[in-house]
Amino acid sequence: MSCNSCATDKSGVPKGCKSNGNCATGSCDKLTVFDWLSNMSLPNGQEPFNIVEVRFKNGRKHFYKNENLQLCMGEVVAVEGSPGHDIGTVSLTGELVRIQLKKKGIALDSEEIKKIYRKATQKDIEVWQRARDRETETQRRGREILGRLGLKMKLSDVEFQGDGNKATFYYTADERVDFRQLIRDLASAFSIRVEMKQVGLRQEAARLGGVGSCGRELCCSTWLTDFRKVNTAAARYQQLSLNPQKLSGQCGKLKCCLNFELDTYLDAIKKFPKKETVLKTQKGDAVFVKMDIFKEQFWYTYKDESFKWFNLGLEQLREIIDTNKGGELITSLEEFELDNYTETKIDFEDAVGEDSLTRFDQPKRKKKRRNRNKKKVSNNTNSQNSNKQQPKGKKPQNKQTRNKKKPQKPSNKNQKNA
């Protein structure tokens, strides 16, 4: 996840600060862990934990043994590879590494934990950088070889080892693929040791990264490390429409965020009656339509008159169910409906100073003004033309003055009679 002062390129290296992955803010690294024990000193006589966590490309992390090296977070080290050596960045040290090992179920004497050779020299970093620059072209040519062989697989990413002698090709495939000929072609084309590694769709999205529908970076590429199983039942409990286009993420699977608030919904639903419960009234049986979990409101309708819904609260619903259990029928749902129910409207304050979103819906007035100006210009031109046609010495007469009648003078006869 990049900081506000810089952006990252395809390989995950910041562009703006030019620090090759070690930003001064400490937030440019993917899946960065905050060491909240860094300001605490160890007890007397206790040695620091000799295993550190090293981060590689796209958030890949492994544990390595530290032998008498003073390492801190952000340092570039040369570690044991298979074969050769690899270059990575120290992402975590101290007692938090012990907690991470316990969380992932890795023993302290496991063979997975290899050793650190040394701190990376300038030559190691230059070789590593040249190897990283070859990844984009290698991926492009690898896809061309895949298309020529006609294999049903997708090459999603390529990662070179720090010494440049080995490359790992990450791919996704729906079925089992025989890629023995592919390995021969890749090894002869690039003159390197080739390793093929299949990843799932969620892991592919985590490696590539992106922005979700919420407007933020993908959780799997920033902080989420374990991918739990997501079912459509999580969407049903949260009253969400089962629309695959809205529920699926960039990986094509159900969104991981469906599990984030699931426990809160399950705790709230425990005190609710079952949806299959039928309310028995004198007008007929009423069935469940929908509910608002956090407002504790329910909507029921009659089987025969399904066009009208009745809003009931949790207390009213329990009262109706208790009366039905006693063998009695209520008169109607109208008696228990929430008459004073009004939807709460949220008023948003204009704290940023932005205009309303409906300002673009109003019709533009400039066009009308232009039309009026055109009419004025046309009237002026007509009047000028009329003035030119009239003879000299005579003033132009308007239509209004022509149509007006002159006031009649009183006759002499009437004056004499008066």
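## Aromatic pairs

Tyr302 and Phe310 are both buried (under 20% relative accessible area with a 1.4 Å probe, protein chains only). This is a predicted model, where local features need pLDDT of at least 70, side-chain atom pairs count only at pLDDT 80 or more, and totals for chains, interfaces and linings use all residues. Residues are numbered from 1 along each chain as its sequence is written, and side-chain values use heavy atoms, leaving out hydrogens and water.

The structure holds 7 aromatic pairs (rings of Phe, Tyr and Trp, its six-membered ring, with centres within 6.5 Å; planes under 30 degrees apart are stacked, over 60 edge-to-face and the rest tilted). One of them joins Phe272 and Phe298 edge-to-face, 5.2 Å centre to centre with 85° between the planes. Phe272 is buried at 9% relative accessibility, and Phe298 is buried at 2%.

## Around helix 5

Which residues of helix 5 are buried? They are Arg202, Glu204, Ala205, Ala206 and Arg207. Arg207 also lies over the face of Tyr170, 3.7 Å from the ring centre (CZ of Arg or NZ of Lys within 6 Å of the centre and within 35 degrees of the ring normal). Just after helix 5, Gly209 takes a positive phi of about 80°.

## Another charge over a ring

Elsewhere, Lys290 has its charged end over the ring of Trp299, 4.9 Å from the centre.

How values were computed
Buried < 20%, exposed > 50% of the residue type's maximum accessible area, 1.4 Å probe, protein only. Helix = DSSP H or I, 4+ residues; strand = E, 2+ residues; numbered from the N terminus.
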